[in-house]
Amino acid sequence: QVQLVESGGGLVQPGGSLRLSCAPSGSIFGVYAMGWYRQVPGNQRELVAVIRSVGVISYSDSVKGRCTISRDSRTNTVTLQMNSLKPEDTAVYYCNAVGGSRDTEYDYWGQGTQVTVSS
């Protein structure tokens, strides 16, 4: 079973920046999309940004203009650059990869990395 390994979370002051990275523990093929989601205790997990295999990128309205998602298609590493962070960005951030082939599909999640924005 492939795992997604996240890194880059931490504590940052309001207005600061963080860069989250996610890489699969093994090879994955036929990626449809890779993205980042976040979750605050008591709330549903919500989309932050997603990049699809055809190159289409989407951001949630709450982070649009402040975050940039990118993907290395050779290694399937996905990165989220977050700037001008706000306290309301505090959450556990999860990496996700969906894809498949003729015989199988997958929907992988990372274990999450904590992002805390506080002075």
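Glu-6 is placed in strand 1. This is a predicted model, in which local features need pLDDT of at least 70 and side-chain atom pairs count only at pLDDT 80 or more, while totals for chains, interfaces and linings use all residues. Residues are numbered from 1 along each chain as its sequence is written, and side-chain values use heavy atoms, with hydrogens and water left out.

- Four strands form an open sheet in the order 1-3-8-7, and their pairing is antiparallel.
- Its edge strands, each pairing on one side only, are strand 1 (4–7) and strand 7 (67–72).
- Strands are DSSP runs (E, at least two residues), numbered from the N terminus, and two of them pair if DSSP finds at least two bridges between them.
- Strand 3 (residues 18–24) pairs with strand 8 (residues 77–82) in the antiparallel sense over 5 bridges.
- Thr-79 in strand 8 is the bridge partner of Ser-21.

- Glu-6 is buried (under 20% relative accessible area, 1.4 Å probe, protein chains only).
- Glu-6 has no salt bridge (a side-chain nitrogen of Lys or Arg within 4 Å of a carboxyl oxygen of Asp or Glu).
- A polar atom of the Glu-6 side chain lies 2.7 Å from the backbone nitrogen of Cys-95.
- The backbone nitrogen of Gln-111 is reached by the side chain of Glu-6 at 3.2 Å.
- Not counting residues up to four places away in sequence, Glu-6 touches several residues, including Ser-21, Trp-36 and Tyr-94 (contact means heavy atoms within 4.5 Å).

Note on methods
Buried < 20%, exposed > 50% of the residue type's maximum accessible area, 1.4 Å probe, protein only. Lys, Arg positive; Asp, Glu negative; His and termini not counted. Polar contact = N/O pair within 3.5 Å; in protein donor to acceptor, adjacent residues only side chain to side chain.
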